[in-house]
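Visitor: I have a structure to look at and some questions about it. Could you take me through them one at a time?

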Amino acid sequence: MIGRLFAALALLFAGAAPAAAAQCGGDFHAFIAAMSREAAAGGISRAVIDSALSGVTRDQAVLAFDRRQHGTFQMSFERYASTRVTSGRIQRGRQLLQRHAALLARIQRQFGVPAPVLVAIWGLESDFGSGDTGKLPVVRTLATMAHDCRRTDLFQRELLAALTIVQRGDLSLRDMIGAYAGEIGQTQFLPSSYIKYGVDYDGDGHVDLRRSVPDILASTANLLKTNGWRAGAPFGEGTANFEAMREWNRAEIYRKTIVLFAERLASGA
């Protein structure tokens, strides 16, 4: 999601180098060759490397979008929230609170995050899975962003993390489809967050943040808990839990919108 990119600067998945190993800019094919060597050194199989990176090309539309996205949160909170916390989303969210009540109660007992907060994030990120979760090949997107020199360290790590997701068998390469910064799934995890916080909550042996509602909601709760969420405490602006949500999104206007949405959901539950 917008904003999580900058939070992710601090995330390093296991085995990643502390700084970019491949030279950004210049010849793209040489860059991919260097990334392939880095992936192999980190334990990614040759089969995964070849299937993911062979023939990959830059996506100029991804770069154009990245340069346009700055200033997304320049509007007022009232205006921004009014376009996100709509009556339709509130109604749908309350239905899902009821449908998944047992699952959400189990997640809250384990991770301490209230059901309305999780459902609010789910709704804002992807309209509860029915909205746009991205249509771009994650590997191509991340390779494009990693080759660009503005945030190459971040996106080189994210590219290696994406290959790790495939290596682990959580998602096939065909299923590695996401948004313009490589975010994956119904609550839009960057690959490094997928690895760090992903939970196999349905017990099928894979973390599937595209299709498994138990995995999606539990992983979202795990991210918040890991970053300091306090069970039973308030989560409005100025609280410790509001700060814990910085790992989700550093933009205050977005976190305030999560709070508003969660309160609206809870008031009709």
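**Burial, contacts and salt bridges**

Guide: This is a predicted model.

Visitor: Which residue forms a salt bridge with arginine 89?

Guide: Arginine 89 lies in helix H6 (residues 87–99), and its partner lies in the loop between helix H8 (115–126) and strand S1 (136–137). The closest N and O atoms are 2.4 Å apart, and the partner is aspartate 127.

Visitor: Is aspartate 127 buried or partly exposed?

Guide: Buried means under 20% relative accessible area, and exposed means over 50%. Aspartate 127 has a relative accessibility of 27%, so it counts as partly exposed.

Visitor: In the salt bridge of arginine 168 and aspartate 170, which residue is buried?

Guide: The side chains of these two residues meet at 2.5 Å, N to O. Arginine 168 has a relative accessible area of 39%, so it is partly exposed. The value for the other residue is 9%, and the buried one is therefore aspartate 170.

Visitor: How many salt bridges does the structure hold?

Guide: One of them joins arginine 150 and aspartate 148 at 3.2 Å, N to O. Both residues belong to a network, joined through shared partners, that also includes Asp66, Arg67 and Arg151. The number of salt bridges in the structure is 14.

Visitor: Where do the buried residues of helix H5 lie?

Guide: Helix H5 covers residues 77–84, and Phe77, Tyr80 and Ala81 are buried in it. The exposed residues Glu78 and Arg79 are on the face turned away from the buried side. Seen down the axis of H5, the buried residues fall within an arc of 95°, so they line one face of the helix.

Visitor: What covers the buried residues of H5 includes which helix?

Guide: The helix in question spans residues 252–267 and holds arginine 255. Alanine 266 lies in this helix too. Among what covers the buried residues of H5 is H14.

Visitor: The side chain of arginine 255 reaches the backbone oxygen of which residue?

Guide: Arginine 255 counts as buried because its relative accessibility is 2%. Residues that arginine 255 touches include Phe242, Glu243 and Asn249. At 3.2 Å, its side chain reaches the backbone oxygen of arginine 250.

Note on methods:
Residues are numbered from 1 along each chain as its sequence is written. This is a predicted model: local features need pLDDT of at least 70, side-chain atom pairs count only at pLDDT 80 or more; totals for chains, interfaces and linings use all residues. Side-chain values use heavy atoms; hydrogens and water are left out. Helices (H or I, at least four residues) and strands (E, at least two) are DSSP runs, numbered from the N terminus. Buried means under 20% relative accessible area, exposed over 50%, partly exposed in between (1.4 Å probe, protein chains only). A polar contact is a pair of N or O atoms within 3.5 Å; within protein, one must be able to donate a hydrogen and the other to accept it, and residues adjacent in sequence count only if both atoms are side-chain atoms. Contact means heavy atoms within 4.5 Å. The arc is that of the directions from the helix axis to the C-beta atoms. A salt bridge is a side-chain nitrogen of Lys or Arg within 4 Å of a carboxyl oxygen of Asp or Glu. Lists of a residue's contacts leave out its neighbours within four places in sequence.
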